[in-house]
Amino acid sequence: MKNTLLILVCTFLLLETQAQSLIGAWEAFYTAENGEELRNVVVFADGYQVATTYQVATGKFVNTNGGTWKLDGDIMTEKVEFHSENAAKVGGEVSFEVNISDNELGIIGMDRKWRRIDSGEPGKLKGAWLMSGRIRNGETQLRDTSRPRKTMKILSGTRFQWIAYNTETKEFIGCGGGTYTTTNNEYTENIEFFSKDDSKAGISLKFNYELIDDNWHHSGLSSKGDPIYEIWSVRE
């Protein structure tokens with residue numbers, strides 16, 4: 001009995017270690033059929049992930065998809081919450097075998113390999129967050145994060161991406177992402193792609209941020225120059 005319990009505990013710890021080894025950001029470069037050089041970046045937070053492809057030279061957005069993920073041994077299972085190219089895949093699950101090392105991620109049967117960008121560090125804001133409110137004219141307006149219309153932000157140690165979508169209608173609304181830094185109470189986003197406006201690639205936006213009761217308060221000017229004050233809650 002003791003041996004059986006020991007085996008179960010060791011198996012659990014092994015699976016947890018494998019899952020944690022994915023946390024962070026990964027990238028792969030490849031050439032499309034039309035000759036475009038593309039970059040695919042995958043960000044894994046605890047329980048949630050997003051994968052996005054965009055042009056290397058211009059930052060032109062190509063596609064994104066993501067949702068929840070779990071790793072059972074070498075089998076990765078993802079449940080799709082959003083998909084910019086194929087709404088029919090939203091709500092479905094896909095499983096595949098992966099090969100993971102410290103710095104490389106591969107999918108069995110595919111030639112493409114992803115190189116680790118970071119392991120979730122320094123990442124003061126790493127994780128998956130849902131927009132849960134705004135403050136406008138001094139008035140706090142809270143949002144029900146369980147509703148189908150979601151705005152999620154996933155951050156690794158150095159990379160961020162936000163995604164707006166609807167799990168009920170399967171609509172993809174928009175996304176943007178790139179790298180980020182946190183210095184004192186200043187949060188800076190360096191945009192590498194923006195699905196609604198490719199011209200935003202290359203700009204940097206600075207915001208004030210503060211963690212209050214485990215919520216991320218985020219204020220400054222949007223990419224359009226409009227004042228914003230957003231509240232984000234950790235996604236469970």
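Is F194 buried or exposed? With a relative accessibility of 12%, F194 counts as buried, because the limit for that class is under 20% relative accessible area. The structure described here is a predicted model.

**Nonpolar cores**

- The largest nonpolar core comprises 18 residues, and M152, I154 and I163 have the most contacts inside it.
- Two or more residues of this core come from each of strand 2 (37-45), strand 3 (48-55), strand 9 (127-136), strand 11 (149-155), strand 12 (159-166) and strand 13 (171-183).
- Beyond its neighbours within four places in sequence, I154 is in contact with V43, A45, Y48, Q49, V50, G127, A128, R159, F160 and Q161.
- As a general background, nonpolar side chains in soluble globular proteins tend to be buried together.

**Aromatic pairs**

- The whole structure contains 10 aromatic pairs according to the search.
- The pair of W162 and F194 is edge-to-face, because the ring planes stand at 65°, with the centres 5.8 Å apart.
- This pair links distant parts of the chain, since W162 lies in strand 12 and F194 in strand 14 (residues 186-194), 32 residues apart.
- Like F194, which is buried at 12% relative accessibility, W162 is buried, with a relative accessible area of 19%.
- W216 and W232 form a tilted aromatic pair, with 6.1 Å from centre to centre and 35° between the planes.
- Distant parts of the chain are again linked by this pair: W216 belongs to strand 16 (residues 215-221) and W232 to strand 17 (residues 227-234), 16 residues apart.
- W216 counts as buried at 0% relative accessibility, and W232 counts as buried at 1%.
- Ring pairs join W216 and W232 into a cluster with W129, Y180, Y187 and F207.
- A charge also sits over a ring: the charged end of R112 is placed over the ring of Y30, 3.7 Å from its centre.

- Strand 1 (residues 24-31) pairs with strand 2 in the antiparallel sense, over 8 bridges.
- Within this pairing, E27 has V41 of strand 2 as its bridge partner.
- The hairpin of strand 1 and strand 2 has 5 residues between the strands, and G35 in its turn has a positive phi of about 95°.
- Strand 2 and strand 3 also run antiparallel and are joined by 8 bridges.
- For V42, the bridge partner in strand 3 is A51.
- The hairpin of strand 2 and strand 3 has 2 residues between the strands, and G47 there takes a positive phi near 90°.
- Strand 2 is mostly covered, as 8 of its 9 residues are buried.

**Surroundings of Q55**

- Q55 is located in strand 3 and counts as buried, at 11% relative accessibility.
- The side chains of Q55 and E36 are joined by a polar contact of 2.7 Å.
- Leaving out residues up to four places away in sequence, Q55 touches E36, E37, L38, K60 and V62.

Technical notes. Residues numbered from 1 in each chain as written. Predicted model: local features only at pLDDT ≥ 70, side-chain atom pairs only at ≥ 80, totals over all residues. Heavy atoms only, no water. Core = buried A, V, L, I, M, F, W, Y, C linked by side-chain atoms within 4.5 Å. Buried < 20%, exposed > 50% of the residue type's maximum accessible area, 1.4 Å probe, protein only. Helix = DSSP H or I, 4+ residues; strand = E, 2+ residues; numbered from the N terminus. Contact = heavy atoms within 4.5 Å. Phe/Tyr/Trp six-rings, centres within 6.5 Å; stacked < 30°, edge-to-face > 60°. Lys NZ or Arg CZ within 6 Å of the ring centre and 35° of its normal. Polar contact = N/O pair within 3.5 Å; in protein donor to acceptor, adjacent residues only side chain to side chain. Pairing = 2+ DSSP bridges.
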